[in-house]
Amino acid sequence: MKPLPWPDWLDDLLAKSQQYGGETLASHTWDVLCRLSDLYRLRPHLADLAGDVRLWHCLYWATFLHDFGKAAAGFQRRLRGGPAWSHRHEVLSLAFVDAIAHGLSDVEQCWVVAAIVSHHRDAPEIRELYPAGLRKDPLSDLCAELQPATADLLHRWLGECANPWRIGLGMADVVVKINPQSHPIDAGRLRHWLSIYHQWVDSLTAAGTTTTARIPGILLRGLITTADHMASAHLQQLPGPIRNPWQAVIPAGWETYPHQVASAGTGTQHVLLMAPTGSGKTEAALAWALGDGSNPPARIFYTLPYQASMNAMYDRLRGLFENNVVGCYCEPQRSESHPDDRLRGLFGNNVVGLQHGRAAQALYARFRDGEEWSVTTVRKVQWERNLNLLHARPLKVLSPYQLLKALFQLRGFEAMLTDYARASFIFDEIHAYEPERLALITGLIRYLRQHFAARFFVMSATFPTLILEQLSDVLDTPTIIQATPDIFARFRRHQLYLRDGELTDPAIITEIVAAVRDGKQVLVCVNTVARAQMVRDLLMQAGLSDEQLILIHSRFTYGDRNRLEQTIVERCRSDSARRPPLALVATQVVEVSLDIDLDTLYSDPAPLEALLQRFGRVNRRAVKGICPVYIFRQPNDGQGVYGRHRDPEQAGHIVRVTLAELARHHGDIIDESAVQTWLDTIYDDSLLRQQWLTAYQNMSRQVEQIVNGLCPFQSDAQREDEFEQMFDGVDVVPACFERDYVNLLVEERFIEANDYLVSISKQRFAILRSQGKVRPAEETGQRRVWVVQTPYDSRNGLSFGDMVIDPDWS
């Protein structure tokens, strides 16, 4: 193929300062166009979501022009160490729209202008910087920054390279040829194009504007900013979708279940799956997403409610895809500094990403163990984080709350929503969310289904009819897949015992110790952190050693918690070569999707959905016969965790209703196919049903208002506070680690420093502050960090020394 033309005459114009690589304007523009062409190949039919206008045509020409304004004299001086520049280069880039406007319809002109001018700043900020109607238009000063000779060189670049490059990038089918025409740089024309932009933004926020009318703006801004950020981060290869057939996700030697085969055949549909815990729901979900590999989804998002389960799923999926490959879009190579033909390649096994509030700590722990301790580990973590933020991983494990950032219109939400277009979403253990949060999630699901052609696979061991009705409405009558009766029969693996008293009674502690000494792995699940710490102390006092005890909850430092999670999986995984007898004392952090397999369970009372998840960590593969699970009748007040209510008589009501249903099945071997009936009986309780529906419906109405207000080109900083209020956590440093923490901050080793942080509830933080046990850390510069003066050790975590209702429940 003939080498593509290259604007050597512009080699002295920079797009980045030396600090950020010193790239030339032409090189950076080429890189952004390469990433845009990758995004086109990733979602070739995305334009269907934008209506009849030529989406990729507009994006190509906008991307070619988006940084032309960087040729301004003041901007070039700034890149070379000169003074700050008070203008916006993307606004000056609009001066070149006249060169191609004759090849665009009126609507397309509007789209091109919007993509150019919005790729860094929101519309209100641009309007404030360049207000209309002033005696002296500030755009006149901006135009004066571009020398006529420089403008001529830019017009020459546009005329000689734009059309050949669209062919070389493989976009000729969707990008129509335009023969550029040189135009003088004129403030009046700049004002014209800026007015066109603001008029469109105003029309999108006007009363009566439909949600559908706003989708093109979201896609335009989302795609151009994503391509720009990928190029700026020097991402050389954008991985394509996973192209393996679904059979590749079934581990060697494992039986394939009918619900997995059924899932693989419903790839174009929305699905609700009900199957026993441990019966391969994860593989069923991936089978649904991948199908036969011929029509893979652009991206797969696997959501889980807890960080521990996300970390474990990340490890599990990395192992699953270790020997698999995905397609990738490699950058077109340049011969002698000129663009050449596009190559195909393999992205290798870098398939799975991890994104949650503490993903950096989890990644750091894993990379550190696999490499020599060095700064390269930190760089690798940062790069991995960038890949997740840049929407580059084909399969991402994350929290639904990461998805909800888009719903709250946080900065960059257009790029998030664009990445969700035509993607496949797997929601694991949907039961774990309170009704208000479930309403937020289902509101996002409805929006993405209706406007972004996203597909959804929602799975759980059971769905109460109450929740099933809401999901069926949101997903517009989805396909329902259930494990076959013989699978449910084969997973009859637990015998339920409802016992008087509570698991902290001395006789029960002695019983647990005896079970461990008899060679068993015992799961002890409690509802609060303080209670978990107390149970560990009781078991140690009763004779268990440190080696026989593991405690896991949310109040460990992030470093210790990562080590504990990996230790638990190593010792308690069903196929682990080393399965020593032990007692694992845990809060809710072990409930969801941890692939561990213990021998028996002692549990505080809790709602049935939570108990079923706890059961699922015992005899997971159903190969141990029938294992006992013991549920205690006390304490039945919900302990401030379940059924929260200001009226003490109503607090914990869901726990008492659950205990009443369990009493009907005391001594029974649990038939998991019948558990659906148990759940429906529980939620038929009039008070419980009314509480749930009221909370869900109230939030659903709020979500509908939020969705109706989603508008491109203007993020909402105020919504960030609303989003943060969803999370009941404050990071603190135990006093014993203050010096280590501060030293790492001073050395700018921030990821390692964060290993010393502990998350506590806002309520607990307020209590400690009122007691004078919280103070700012010393010498932390601009980082506001709080030190708590309470005991900490690596066995128990952070301790508060009281037994009040514990706000820290996970």
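Is Phe632 buried or exposed? Phe632 is buried, with a relative accessible area of 0%. Buried means under 20% relative accessible area, exposed means over 50%, and partly exposed lies in between (1.4 Å probe, protein chains only).

This is a predicted model, in which local features need pLDDT of at least 70, side-chain atom pairs count only at pLDDT 80 or more, and totals for chains, interfaces and linings use all residues. Residues are numbered from 1 along each chain as its sequence is written, and side-chain values use heavy atoms, with hydrogens and water left out.

## Aromatic pairs

Rings of Phe, Tyr and Trp (its six-membered ring) pair if their centres lie within 6.5 Å. Planes under 30 degrees apart count as stacked, over 60 as edge-to-face and the rest as tilted. The count comes to 31 aromatic pairs.

Take Phe64 and Trp157. Their ring centres are 5.2 Å apart and their planes stand at 50 degrees, so the pair is tilted. Phe64 lies in helix H2 (residues 55-65) and Trp157 in helix H8 (residues 148-168), so the pair ties together parts that are 93 residues apart in sequence. Helices (H or I, at least four residues) and strands (E, at least two) are DSSP runs, numbered from the N terminus. Phe64 is buried, at a relative accessible area of 0%. Trp157 also counts as buried, at 0%.

Now Tyr602 and Phe632. Their ring centres are 6.4 Å apart and their planes stand at 20 degrees, so this pair is stacked. Tyr602 sits in strand S15 (residues 600-603) and Phe632 in strand S16 (residues 627-632), 30 residues apart. Tyr602 is buried, with a relative accessible area of 3%.

Phe64 and Trp157 also belong to one aromatic cluster, whose members include Trp6, Trp30, Tyr60 and Trp61.

## Charges over rings

A charge sits over a ring if NZ of Lys or CZ of Arg is within 6 Å of the ring centre and within 35 degrees of the ring normal. Arg156 lies over the face of Trp9, at 3.6 Å from the ring centre. Arg499 lies over the face of Tyr630, at 4.9 Å from the ring centre.

## Strands and sheet

Strands of a sheet pair through backbone hydrogen bonds, either parallel or antiparallel. Two strands pair if DSSP finds at least two bridges between them.

What is the order of the 7 strands in the open sheet? The order is S6-S7-S3-S8-S9-S2-S10, with parallel pairing. Strand S6 (352-355) and strand S10 (479-482) stand at the edges, each with a single partner strand, so one side of each is left without a neighbour in the sheet. Neighbouring strands are turned by 15 degrees against each other on average, direction ignored. Here axes are lines fitted to C-alpha atoms, for helices over the stretch in contact, and angles run from 0 to 180 degrees between N-to-C directions.

| Strands | Bridges |
|---|---|
| S3 (residues 300-303) and S7 (residues 395-398) | 4 bridges |
| S3 and S8 (residues 424-428) | 4 bridges |
| S12 (residues 521-525) and S14 | 5 bridges |
| S13 (residues 549-552) and S14 | 4 bridges |

Tyr302 has the bridge partner Val397 in S7 and Ile426 in S8. Both faces of S3 are covered: Ile300 and Tyr302 are buried on one side, Phe301 and Thr303 on the other.

In strand S14 (residues 582-586), 5 of its 5 residues are buried. Leu582, Leu584 and Ala586 cover one face, and Ala583 and Val585 the other. Val585 is the bridge partner of Val524, while Ala583 stands opposite Leu549.
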